[in-house]
Amino acid sequence: MKVLDGKVVAAAWREQLLQKIEELKQENCVPGLAIVLAGDSKPSAMYAHFMEKVADSYGFKATIYHRGEDVTQQEMEQLIHELNQDNAVHGILLMMPLPRGLDTSRIISCMNPDKDVDGLTSINLGRLAAGEDGHFPCTPRAVMAILDYYHIPLDGKRAVVLGRSKVVGRPISLLLEGRNATVTVCHSHTKQMDELAHEADILVAAMGRPEKVTACMVKPGAVVIDVGINRINGKTVGDVDYAGVSEVAGALTPVPGGVGSVTTTMVVDAIVREAGKRIK
Ligand code: NAP
């Protein structure tokens, strides 16, 4: 069984991205990321500060715009409009969840789709569905980056995606379909999910259900991508029973060290691409 190592994929992308950032700087363009953090969510604050450090390690600028739990809808929308206008900002990352009472969809829709580096706006999701270019959610892009790095053929393959959320499962299924895989999407109402999963050449688990995918659901030799991140008894596990599934799968991503390791790299890539467009 081959371990699909996200850290190796991220390191390969990092080399290329560092070079592109250097080229941008030679054109007097420093990529800029605005991180919008509202409220007291500890995980959101941790991720925001982590992204700040990531930006620092790549040599570009990230600024956290922190608003309190009592921030109003109007203040949030105003902030997004200001960031849309700011030429030094190439990407906006909105930390979620937002404080209760705010209309998240309306705040997302205020974002200039070209700065929506995590592909949250309906415009970018529409572009993805239409097969057009745009910013697409970073975790699905990380899945594709891993499949491509390890030269896993997709054309004509049977792919089954477990999960259909707007930011993970659904965009993954669209990206796989865009590469000519034949895709089945399963969700909480799906009947006989185990049998459907067993048909997959490429099985993607994105349910947020710890170790739900067991060996008997996996076709021998299948490629299994585990997107899940779950905490159990202080330990991080995926949606796949790693020990059992590694006995049957042909290739498998670990958790941690799989998809999650590549997701932030895709954020950086989106900012660098957007900054690159401005100097053309
Ligand atoms: P989500 O919004 O809760 O969506 C979960 C999806 O799984 C839904 O479509 C749901 O079906 C489906 N589902 C839940 N239980 C199921 C079951 N027993 N059988 C079949 N389908 C089931 O979660 P998400 O944001 O997509 O995240 C999914 C997982 O990915 C989580 O563990 C999350 O932590 C992880 N994640 C990882 C990364 C990364 O970088 N690696 C990034 C983001 C998220 P319904 O639509 O019918 O409700």
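Mentor: Start with Arg 14, which lies over the face of Tyr 58. A charge counts as sitting over a ring if NZ of Lys or CZ of Arg is within 6 Å of the ring centre and within 35 degrees of the ring normal. This is a predicted model, in which local features need pLDDT of at least 70 and side-chain atom pairs count only at pLDDT 80 or more, while totals for chains, interfaces and linings use all residues. Residues are numbered from 1 along each chain as its sequence is written, and side-chain values use heavy atoms, with hydrogens and water left out.

Trainee: How far is Arg 14 from the ring centre of Tyr 58?

Mentor: The cut-off for such a pair is 6 Å from the ring centre. For Arg 14 over Tyr 58 the distance is 4.4 Å.

Trainee: Why is the pair of Tyr 149 and Tyr 150 given the class it has?

Mentor: The structure holds three aromatic pairs. The ring centres of Tyr 149 and Tyr 150 are 5.0 Å apart and the planes are at 80 degrees, so this pair is edge-to-face. Rings of Phe, Tyr and Trp (its six-membered ring) pair if their centres lie within 6.5 Å; planes under 30 degrees apart are stacked, over 60 edge-to-face and the rest tilted. The class asked for is therefore edge-to-face.

Trainee: Is Tyr 150 buried or exposed?

Mentor: Buried means under 20% relative accessible area, exposed over 50%, and partly exposed in between (1.4 Å probe, protein chains only). Tyr 149 has 34% and is partly exposed. Tyr 150, with a relative accessible area of 17%, is buried.

Trainee: Which side chain of opposite charge is nearest to Asp 226?

Mentor: Asp 226 is found in strand β8, residues 223-226 (strands are DSSP runs of E, at least two residues, and helices runs of H or I, at least four, numbered from the N terminus). Asp 226 is buried yet has no salt bridge, a salt bridge being a side-chain nitrogen of Lys or Arg within 4 Å of a carboxyl oxygen of Asp or Glu. Lys and Arg count as positive and Asp and Glu as negative, with His and the chain ends not counted. At 11 Å, the nearest side chain of opposite charge is Lys 235.

Trainee: Which residue has its backbone nitrogen 3.1 Å from a polar atom of the side chain of Asp 226?

Mentor: Asp 226 has no salt bridge. A polar atom of the Asp 226 side chain does lie 3.1 Å from the backbone nitrogen of Val 240.

Definitions and conventions
Polar contact = N/O pair within 3.5 Å; in protein donor to acceptor, adjacent residues only side chain to side chain.
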